[in-house]
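Dear colleague,

Please find below the sequence and structure that I am handing over to you.

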Amino acid sequence: MSSQDSQDIETATTAIESAPDTKTRRYDRQLRLWAATGQSALESSRVLLISGSATSTSILKNLVLPGIGHFTILDDAKVSHSDAGNNFFLEGFNSIGKSRAEEAVRLLSELNDSVEGCADTRTLGSILESHPEWITSFTIIIAHNLDHTLLNKLSALLWKDAKYPPLVVVRSAGFLADFNIQFHEHTIIESHSEISPSLRIDKPFPALREHALSLEFDKMDSTEHGHIPYVVILVRALEDWKKSHGGSLPKSYEERQQFKKGVLALKVKGDEENFDEAEAQAYRCWTETKVPSEITTLFSDPALSTEALDSNQSPFFHLLAALKEYTEQCDTHTLPLTSTLPDMKSDTHNYIHLQRLYKMRAEEEKQTFKSYLRVPVDDAMVDSFVKNAHALVVLRGKPWGTFDEDKAALVESLSTMPKETCIHLALSALSLLQVGDTSVSPSAESIRAKIQSIVGQSIELPDEVDDAIGEIARAPFSELPNTAAFLGGMVAQEVIKMITKQYVPVRGYCVIDLIETWTGTIGA
């Protein structure tokens, strides 16, 4: 084994000798989820939360703990007896009569001393009238049970410009809730897809092909033979197959079964798991490596037009345009190779050597990809883009309330997902009935009448609507601690996805029913 091999193995297998810093120790688990780039995005974020309710503080708890940079609670209310009874971030009787925002900020700030918290006791209405730019300065805005009129004004403000922050609208009553994220456009490089990037076994690059053909399986000892990575086995077996079949791949079921038997026939011992792995992964030999259909669709995005690229400052679409050109020009018409390899039965020497082959080729293809870029892009972003090119995502959203204005979509949703749609409509009816006065306690009849007016008088409501109306009429103001806690976790999770631009956020309205304990999405 060469000294270079020895160094690579040591580098790849030894732990970091220096102790992790305080931040790494504090955020260790979440860094495994969204890495340093995601943590950096969180730490530079500014979150505005409208309302200091129990649900609002539960959401903030799950954002303060992972380390957002700043949060502001906008709330002019004083702590009531009901607030003291259901909000864990108030000091019970001692908080009654004090500013709800100031009390919540004081106690939430104790969770993480690196997060800056601020209380603002102005009214949202006055800010919308006099200082709307203050609202648009935040990274994301979250509103819980906001008055319908104010919500429409806030939504309209944030929809005016694509550069304005997303709006998360949360509504709850008793055991029922829903939430929706309003955004113009959301691009995701690190979607953390479960789909693995191609190993390109059917189109091996020269160095991989040469390595596979250079091995003399029949002259290896049993130990070495039992640790050949399955990638190498399949490349070699496929090359041998093509030689005896006029250069064609296994096509029919019979041919594919024959190919698998040929792979297993290469065993010299019955317990060689690497050959069993190769047989299980044999489908990769006849599954053509090509650009995934989801990525091909992105290549037709209007944002890739010359005019759009000239005016778009986002590096994402410039990277996507370069990727499109790369796949059209490269010989294999595939995405750039990634050096990431799955786990496989092998020894350290063989695995590291295979990894080095992939890494060298990936670096070559990345440099070729960079030559198609027309604007400067940070190297770290280029690396991440190439590594995740097989799972890029572009989402385009809708303004808040669009779903409720589309009667055809509501009727279709009532027929396909009646439970979810009925809960959503019941919450919408409650919001409309409380316009201008959130202390109004509507009757079941008034809620049903309002739902009927939303979907249309001629539409017959499903039986499921009775359960939703019953819960809303029973507890129109009730904010239960368990509902608040559940919503706090779910909404914070989606907010983190939006801030970090990692993982794919929920589309449409996420509906929660904690009576029967389920969630669902509608209106995507």
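**Cavity and helix contacts**

The largest cavity has a volume of about 40 Å³. Please bear in mind that the model is a predicted one. With a threshold of 30 Å³ or more, the count comes to one cavity.

The lining of the largest cavity is made up of Ala-54, Thr-57, Ser-58, Asn-86, Asn-87, Phe-88, Pro-481 and Ala-484. Two helices, H4 (54-64) and H26 (481-500), each contribute at least two residues to this lining. The largest share, three residues, is supplied by H4. By class, the lining of the largest cavity holds four nonpolar and four polar residues, with no charged residue.

I then turned to the packing of helices. Two packed helices are described by the angle between their axes and the distance between the axes. Two pairs are reported here on those terms.

*H12 and H14*

Helix H12 spans residues 230-244 and helix H14 spans residues 273-280; their axes come within 9 Å and cross at roughly 60°. The crossing of H12 past H14 is right-handed. On the H12 side, the contact involves Tyr-230, Ile-233 and Leu-234, and these meet Asn-274, Phe-275, Glu-277 and Ala-278 in H14. The residues of this contact comprise five nonpolar, one polar and one charged.

*H18 and H20*

For helix H18 (residues 315-329) and helix H20 (residues 379-387), the axes come within 11 Å, with a crossing angle of roughly 55°. H18 is therefore oblique to H20. The crossing of H18 and H20 is right-handed. H18 contributes Pro-315, Phe-316, Leu-319, Leu-320 and Leu-323 to the contact, while H20 contributes Met-381, Val-382 and Phe-385. In the contact of H18 with H20 there are eight nonpolar residues, no polar residues and no charged residues.

To set the two contacts side by side: the contact of H12 with H14 includes one polar and one charged residue, whereas the contact of H18 with H20 has no residue of either class.

With kind regards

Notes:
Residues are numbered from 1 along each chain as its sequence is written. This is a predicted model: local features need pLDDT of at least 70, side-chain atom pairs count only at pLDDT 80 or more; totals for chains, interfaces and linings use all residues. Side-chain values use heavy atoms; hydrogens and water are left out. On a 1 Å grid over the protein atoms alone, a cavity is a set of points where a 1.4 Å probe fits but cannot get out, and a pocket is an open set with protein on both sides within 12 Å along at least five of seven lines; lining residues have an atom within 4 Å of a point. Grid points are joined across faces, edges and corners, and a volume is the space filled by probe spheres set on the points. Helices (H or I, at least four residues) and strands (E, at least two) are DSSP runs, numbered from the N terminus. Ala, Val, Leu, Ile, Met, Phe, Trp, Tyr, Cys and Pro count as nonpolar, Asp, Glu, Lys and Arg as charged, and the others, Gly among them, as polar. Axes are lines fitted to C-alpha atoms, for helices over the stretch in contact, and angles run from 0 to 180 degrees between N-to-C directions. A crossing is left-handed if the near helix is turned anticlockwise from the far one by less than a right angle, and right-handed if clockwise. Contact means heavy atoms within 4.5 Å. Angles under 35 degrees count as roughly parallel, over 145 as roughly antiparallel, 65 to 115 as roughly perpendicular and the rest as oblique.
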